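The stops below proceed from one selection to the next.

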Amino acid sequence: MTVNTSLPWRIVPLTEANCDELCTWRYPPPYDLYNWSPWETMLQEQAEFADPQIRAEQYRAVVDENGILSGFVQFFPIVGVTRLGLGLRPDLCGKGSGIGTQFVQILVLEAQRRTPLQEIDLEVLVWNERAIQTYERAGFTITDTYERWTPTGMAAFHCMVYNGPSLIR
């Protein structure tokens with residue numbers, strides 16, 4: 001596996017303006033289940049990154065060299081594990097250019113910097129082959145499969161654990 005850590009992105013604090021923009025992103029079916037509610041709704045419900053404390057502690061924006069929002073990451077803390085939640089801007093997804101793999105690698109690098117001794121994992125819906133292949137190219141392997149509740153009902157997920165090299169230099 002070739003690891004590219006000289007990527008065109010920076011990980012920065014997730015601002016309210018970023019949050020508002022994330023809520024406008026629209027993924028095509030079947031990925032539309034990843035669409036966020038409108039920002040006003042998120043604020044009213046204090047859901048996810050609309051909660052200022054959760055946003056400050058767990059969420060970051062990923063911006064390109066021009067400061068344009070390219071994605072986001074959540075570093076969800078579990079005892080001994082950093083669980084990644086992530087999203088790449090819809091127009092950057094599914095291009096076959098390897099951009100998704102590079103995106104995941106920069107998130108792994110940041111997770112390793114934050115908590116160097118912790119395992120890194122993520123959850124992915126079992127039907128999302130595009131994401132599974134991206135995560136495998138980035139150094140993750142499937143370690144478990146289970147069902148859990150989602151806003152649309154029960155769904156099957158894979159847990160994938162990072163087994164690639166340390167990206168910290």
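Begin by selecting Y27, which sits in the loop between α1 (16–22) and α2 (39–45). The model is a predicted one. Is Y27 buried or exposed? Its relative accessibility is 12%, so Y27 counts as buried, the cut-off for that class being under 20%. Now display the surroundings of Y27: leaving aside residues up to four places away in sequence, Y27 touches D32, Y34, N35, G87, L88, R89, P90 and C93.

Next, display the strands. An open sheet is formed by 7 strands, in the order β1-β2-β3-β4-β5-β7-β6, with mixed pairing. At its edges lie β1 (10–13) and β6 (140–150), each of which pairs on one side only. From one strand to the next, the twist averages 30°.

Select β6 together with strand β7 (residues 153–162). These two pair in the antiparallel sense over 10 bridges. Which residue of β7 is the bridge partner of T141? The partner is V161.

Turn now to the helices on the sheet. Helix α4 (residues 99–114) packs on the sheet and touches β1, β2 (59–63), β3 (69–78), β4 (81–88), β5 (119–125), β6 and β7. The direction of α4 makes about 145° with that of β4. Helix α5 (residues 129–137) also packs on the sheet, where α5 touches β4, β5, β6 and β7; the direction of α5 makes about 160° with that of β5.

Keep both helices selected. Two packed helices are described by the angle between their axes and the distance between the axes. Here, α4 and α5 pack at an angle of about 60°, and their axes are 8 Å apart. That angle makes α4 oblique to α5. The crossing in which α4 passes α5 is right-handed. To view the contact itself, show G100, T101, V104 and Q105 of α4 with T134, Y135 and R137 of α5. By class, this contact of α4 with α5 comprises 2 nonpolar, 4 polar and 1 charged residues.

Finally, select T115, in the loop between α4 and β5. T115 has a relative accessible area of 23% and is therefore partly exposed.

Definitions and conventions: Residues are numbered from 1 along each chain as its sequence is written. This is a predicted model: local features need pLDDT of at least 70, side-chain atom pairs count only at pLDDT 80 or more; totals for chains, interfaces and linings use all residues. Side-chain values use heavy atoms; hydrogens and water are left out. Two strands pair if DSSP finds at least two bridges between them. Helices (H or I, at least four residues) and strands (E, at least two) are DSSP runs, numbered from the N terminus. Axes are lines fitted to C-alpha atoms, for helices over the stretch in contact, and angles run from 0 to 180 degrees between N-to-C directions. Contact means heavy atoms within 4.5 Å. Angles under 35 degrees count as roughly parallel, over 145 as roughly antiparallel, 65 to 115 as roughly perpendicular and the rest as oblique. A crossing is left-handed if the near helix is turned anticlockwise from the far one by less than a right angle, and right-handed if clockwise. Ala, Val, Leu, Ile, Met, Phe, Trp, Tyr, Cys and Pro count as nonpolar, Asp, Glu, Lys and Arg as charged, and the others, Gly among them, as polar. Buried means under 20% relative accessible area, exposed over 50%, partly exposed in between (1.4 Å probe, protein chains only).
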